[in-house]
Amino acid sequence: MKTVEIQLANYKSVHFNKTNIKTHFIGIPLIVWAITVLLSLHTFSTDIAGNVITFTPAMMLFAITLLYYFKLHIKLGLGMLFFVVVNIYLAGLVSPMENALLIAIVTFVLGWIIQFIGHIYEKAKPAFLDDIMGLIIGPLFLMAEVYFAFGWEKKLHDDITPMAREKRRNIERAKKNNTSGY
């Protein structure tokens, strides 16, 4: 398993442009929320020791994802736990609505449009095109950016930034040599 430093550096390597990062602070939460709504349209119940517990596929997906985030970095995992709880709550407000599916699809598409607009400013393709894990790391990257903005996890920031810059230089060299498939 790749370390949090490698994962975040890979993601950051195509996320240096401030406008691109701003679009991600809009696009990624919209996409994650839309997926949460979609995965909350159906609920399942189970009886455990006389207590009926209701859950959704979204809750199961996030439980697995949170385990991964906590394995990568405990403090970022705590931030992601807060994000997930709020996200599930907000999705739960919409998922019972008659038009929840339409709302989720429109939000999902809008989120991706915003993401791709950001990458026009970045002049680099999205991270997930080279590594599918970018789809899971994107929200964690935003949480890391929030932490860095508050001056938290300075060592993590100082570790990933040079790695990301080196990877970006390699991307740019490959682009110049037309060997990257752009």
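**Close-up views of a predicted model**

View 1. Residues are numbered from 1 along each chain as its sequence is written, and side-chain values use heavy atoms, without hydrogens and water. Ala-49 lies in the loop between β1 (44–48) and β2 (51–55). Strands are DSSP runs of E, at least two residues; helices are runs of H or I, at least four; both are numbered from the N terminus.

**View 2. The hairpin of β1 and β2 has 2 residues between its strands.** The strands run antiparallel, joined by 5 bridges; pairing takes at least two DSSP bridges. Ile-48 has Asn-51 in β2 as its bridge partner. Ala-49 has a positive phi of about 55 degrees, though not a glycine.

**View 3. Lys-123 sits in the loop between α5 (100–122) and α6 (134–149).** Phi of Lys-123 is positive, near 60 degrees, and the residue is not glycine. Lys-123 is exposed, at 61% relative accessible area.

**View 4. The largest nonpolar core has 29 residues.** Such a core is a set of buried Ala, Val, Leu, Ile, Met, Phe, Trp, Tyr and Cys residues joined through side-chain atoms within 4.5 Å. Among those with the most contacts inside this core are Val-4, Leu-8 and Leu-76. α6 gives the most, with 8 residues.

Terms used. This is a predicted model: local features need pLDDT of at least 70, side-chain atom pairs count only at pLDDT 80 or more; totals for chains, interfaces and linings use all residues. Buried means under 20% relative accessible area, exposed over 50%, partly exposed in between (1.4 Å probe, protein chains only).
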